[in-house]
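Here are some notes for a colleague who is opening this structure for the first time. Please read the points below with the sequence and the model side by side.

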Amino acid sequence: MMANEPEYIGKINSEIRAMLKIVEGLGVVVQDALERKRKGTKGAAYAASVNIQHMEEEVTALCVGSLIRYQPFASDLRAITVALKVSYDMSRICRYLYNITEVLEEFDLDGCNVAGASELLKDALSMVSTSLTAYFDKNRSLASEIIERDHSIDERYRMILSAQRRSQSTSGDCILLNGLTARIIERLADHACYISSETTYLVTGRRVGYR
Amino acid sequence: MSNCTHEKLDISGLDAWFGDKQALKGVSLKIKPKTVTAIIGPSGCGKSTFIRCINRMHELTPGNRVSGVLLLDGVDIYKGMDSMDVRRKVGMVFQKPNPFPNMSVMDNVVAGLKLIGAAGKKELEAVAEANLKAVGLWKEVEGDLKKSGASLSGGQQQRLCIARALAMRPEIMLMDEPTSALDPASTAKIEDLVKTLKAETTVIIITHNVQQAARISDMTAFFYLGELIEYGETRTIFESPKSPLTERYITGRFG
């Protein structure tokens, strides 16, 4: 039974919603840059990443302040410990998006097929958005679905790697671009799963051991 | 121990009445030796009645009744023990410090022992010193042992009362909101003391302060309307309670 949520948890979650907005916005930019093999997004991605880090610090301050002021227990205590981890995960996800723009900046993109990595990013970003929906709605089954989807991401990550390994005609830049990007996306999706794992703990009080 | 039991207290089906009014309804729980158990719950839920059954104080008021089985080291305290023996084994500290006002600090500590004629003067002095040291009061009152117990501060008086209870070497110490009338510093001293007491004694403490219960206890029992709703390890109760009622109480939604 979840009774009315205290105001301080609402404040913390509104900060996390603002983080999600930035991550989703940056996700659209990075997705487009990868699909179109477009350079020049690194600066904006870095600014977003720094912004998110500040917001994570703000969430930490709100959480610590609430712990001191209200000394919460049970679902309220779990809400705070989970918010601390979710805000960290959001910060990491944003950093990974920035890392993709760094990779795009680094290599020659001409003639490189990035369709696999691009699809992988699309799915990983969808996992991030859904994991946050599950978190805000305290939807345990949706959170479980996200964790299940991670197997597909891992499998496709390995497929991209083996395709690059087998390729005869692909340039070194293209192999590195695909390999590095796929690896970053695979880690990014892991953080969506961490958020889902925290959501499960938030709702049930039991850890599912995914982190 | 008379039986092969790992429980200090084994309570089953405990009912208690004030006349016609039932205050406890079928309470069953087991308490391990040398642990601190916190009893929490809203006012009127039966917390005080519960601990007063453990030292047979509930029956002192005419019309009050108790039924069920309450085993102390395997012996039924209502059938196999004299009430005075029970109270010697089960000490109690109350919400408001209640030192004997006409007695000195030292006499307060050894009042119980004197009453049963258990020791000589030298021995009583040694017992007083040891127990005042145990409650961290010795250094504060060393030079004032002849002063009235009532001349001490509230926090000192409460520790004096704990020393008085400890002097009887109880196996179980019952504490009924022992810090509710104390300032934060005195409260912290009593809480530290409770944690050290469990090296020798089984402590059962009633508190309205759920944060205090979380700080000092190993086990927590939540009572509501005379029933034991949930009992378990303190960390589990305060992080992931099973009962929605417990959840609502410890998050401050009611009570």
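1. A disulfide is taken here as a pair of cysteine sulfur atoms within 2.5 Å, and by that criterion the structure holds one disulfide over all chains. This is a predicted model, in which local features need pLDDT of at least 70 and side-chain atom pairs count only at pLDDT 80 or more, while totals for chains, interfaces and linings use all residues. Residues are numbered from 1 along each chain as its sequence is written, chains are lettered from A and ligands numbered from 1 in the order in which they are written, and side-chain values use heavy atoms, with hydrogens and water left out.

2. The disulfide is formed by Cys112(A) and Cys174(A), whose sulfur atoms are 1.9 Å apart. The torsion about their S-S bond is about 75 degrees, so the disulfide is right-handed. Helices (H or I, at least four residues) and strands (E, at least two) are DSSP runs, numbered from the N terminus. Because Cys112(A) lies in the loop between helix H3 (74-106) and helix H4 (115-137) of chain A, and Cys174(A) in helix H6 (residues 172-204) of chain A, the pair ties together parts that are 62 residues apart in sequence.

3. Buried means under 20% relative accessible area, exposed over 50%, and partly exposed in between, with a 1.4 Å probe and protein chains only. Cys112(A) is buried at 2%, and Cys174(A) is buried at 4%.

4. In chain B, the sulfur of Cys45(B) has its closest cysteine sulfur in Cys53(B), 13 Å away, which is too far for a bond. Cys45(B) counts as buried at 1% relative accessibility, and Cys53(B) counts as buried at 0%.

5. Two strands pair if DSSP finds at least two bridges between them. Chain B has an open sheet of four strands in the order E2-E1-E4-E5, with antiparallel pairing; its edge strands, each pairing on one side only, are strand E2 (21-31) and strand E5 (75-76).

6. Eight bridges join E1(B) to E4(B), and Ser12(B) stands opposite Val69(B) in E4(B). Strand E4 (residues 64-72) of chain B is joined to E5(B) by two bridges, with Leu72(B) opposite Val75(B). E4(B) and E5(B) form a hairpin with two residues between them, and Asp73(B) in the turn has a positive phi of about 50 degrees.
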